[in-house]
Amino acid sequence: MKFAILADTHIGRTIPLAVGQHRVQAFSKAFSHAVDAMIEEGVDYLFLCGDLFERRTLRPHLVFFVHDELYRLATETMSRHGKHVQILVIRGNHDGSPGSNTLDYIKHPLARYLFVFDEEKRIYTDPNLVVLGIGHYDQVDRAFSEIVKPLARELSPDRTRILILHAFILGQHNVPADTPAYSADQLGELPLDYVFAGHYHKACQPSRLKSGAWMLTPGSLEIYDFGEESEKGFWLLETRAEHEPQFTWVKIEPMHTMRRVELRSKLRNPPEWYREQILRAVRDFSSELGSSDKSGYIRIVVSGGLSEGFPSDIDLSEIDRIRAANRGLLHVDVDTIELELPILSASFEHEQVDLPMFFKDFNDFTPEITEMHSRVRESLEENASVQTGLLSPSHRAPLIEDWLRRFRTRRFGGPK
Ligand SMILES: [Mn+2]
């Protein structure tokens, strides 16, 4: 038997939004390349381990696209290899929640090659396999003790027993701190032959649990975010009587180069220094793209301190000219949110400033400025993003409205 194990195909992913259409195309192409490779191989089973789709609500043509590609896999596997391929799908966190997810749209009573696990149908059985399919749950401990463990113990030992999950697994994945995860030890206590896991986007080498079960993590099929270095693709597994299974990695070349560059400075520098560093990184990336056959995006994250001026004084207009000269450079994103302001301007401690005194030159506008100032501060204290320290557009908009209204109703000096 030949199995293909794929995960995190994220059809319809548009992030970064500035190149959304390129991203959608990249994920769709990767999926088609994987289908081509599976048709070539003649697989008996395809396991889709969650996050088939990027979102619960997607444009219909993307759902039709996936439906059509799975149908193509089924019909061409039959015409070329005389095999009925069986496709088994679980729900990832991106697909939606139990009862409301994108997978509902690919289910079809006539598509007998497709089996979508859900809360009512957790087990798939045929003469060869018995498969327990567990979609994504936030409460991993509960899912393990109430669902995975009792059901795994019921799986008939006269068939190949497989568990597919969409979750992090401690001891297998590099799990971020404070993130719910199953553990390889837990899973190693279950009577299984294979565990296939989605959710972790970096492909892992086949490994064994203490039960002897093989564990496979294919990772995402395309580059999910800036800075990912791991290869993209999926696992093929061939079972062999009396022998260990054979594993083959099928590489899928990402469509674009997606680079993340960090520019850090320990010393404080003027805006011009940052401008030069940023432009150098953009030019280097642009010429690297020029000598490859790929287009791409770059994200430059700037941190350190300014010795004078503001982040907005870093003149990046040259980037537009570099981009105009290289059509392969699809997007440049410069993030200066972590750049510290010069010590002078950052040292105003509001608490120590007498606000009416500070704004006194505005004369009778002073009370209104003082009032707006404290409203903005209150909103920041209550609503600011933990990551950026900024307000979301919905919190910011009413404050801006109020500022504008107040400004519009008065005149300041100047010609009468
Ligand atoms: Mn995912």
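Leaving aside neighbours within four places in sequence, with which residues is Ile5 in contact? The contacts of Ile5 are Phe47, Cys49, Phe196, Leu216, Pro218, Phe234, Trp235 and Leu237. Here two residues are in contact if their C-beta atoms, placed from the backbone, lie within 7 Å.

The model is predicted: local features need pLDDT of at least 70, side-chain atom pairs count only at pLDDT 80 or more, and totals for chains, interfaces and linings use all residues. Residues are numbered from 1 along each chain as its sequence is written.

Ile5 belongs to the largest nonpolar core, which has 71 residues. A nonpolar core is a set of buried Ala, Val, Leu, Ile, Met, Phe, Trp, Tyr and Cys residues joined through C-beta atoms within 7 Å. A residue is buried if 20 or more other C-beta atoms lie within 10 Å of its own, exposed if 12 or fewer, and partly exposed in between; these C-beta atoms too are placed from the backbone. Ile5, Leu6, Leu46, Phe47 and Val195 touch the most other members of the core. Helix α1 (residues 20-41) supplies the largest share, eight residues. Helices (H or I, at least four residues) and strands (E, at least two) are DSSP runs, numbered from the N terminus. A second, separate core has 20 residues, among them Ile223, Phe285, Leu306 and Ile319. In soluble globular proteins, nonpolar side chains tend to be buried together.

The protein chain is assigned domain 1 (2-251), domain 2 (257-344) and domain 3 (348-408). These bounds come from an automatic or database domain assignment. The centres of domain 1 and domain 2, taken over C-alpha atoms, are 38 Å apart. Seven residues of domain 1 are in contact with seven of domain 2. On the domain 1 side, five of the touching residues are nonpolar, two are polar and none is charged. In this count Ala, Val, Leu, Ile, Met, Phe, Trp, Tyr, Cys and Pro are nonpolar, Asp, Glu, Lys and Arg are charged, and the others, Gly among them, are polar.

Helix α3 (residues 140-154) has 15 residues. From first C-alpha to last, α3 reaches 20 Å, close to the 21 Å expected at 1.5 Å a residue. The expected span is 1.5 Å times one less than the number of residues. A kink of about 35 degrees lies at Val148, shortly before the proline Pro150. The bend is the angle between axes fitted to the seven residues ending at a residue and the seven starting there. Val140, Phe144, Val148 and Ala152 of α3 are buried. The buried residues of α3 pack against β8 (129-134), β9 (160-166), β11 (182-183) and α4 (184-187).

Asn128 lies in the loop between β7 (123-125) and β8. Asn128 counts as exposed because it has 12 C-beta neighbours inside 10 Å. Beyond four places in sequence, Asn128 is in contact with Met1, Arg159 and Thr160. Asn128 and Thr160 are 32 residues apart in sequence, yet 6.4 Å apart in space, C-alpha to C-alpha.

Several loops hold backbone exceptions. Most residues other than glycine have a negative phi, and most peptide bonds are trans. A cis peptide bond joins Ile15 and Pro16, with omega about 0 degrees. Pro16 sits in the loop between β1 (2-6) and α1. Asp51 has a positive phi, near 55 degrees, and lies in the loop between β2 (45-48) and α2 (60-81). Asp51 counts as buried because it has 26 C-beta neighbours inside 10 Å. Glu242 also has a positive phi, near 65 degrees. Its loop runs between β15 (233-238) and β16 (246-251). Glu242 is exposed, with 4 other C-beta atoms within 10 Å.
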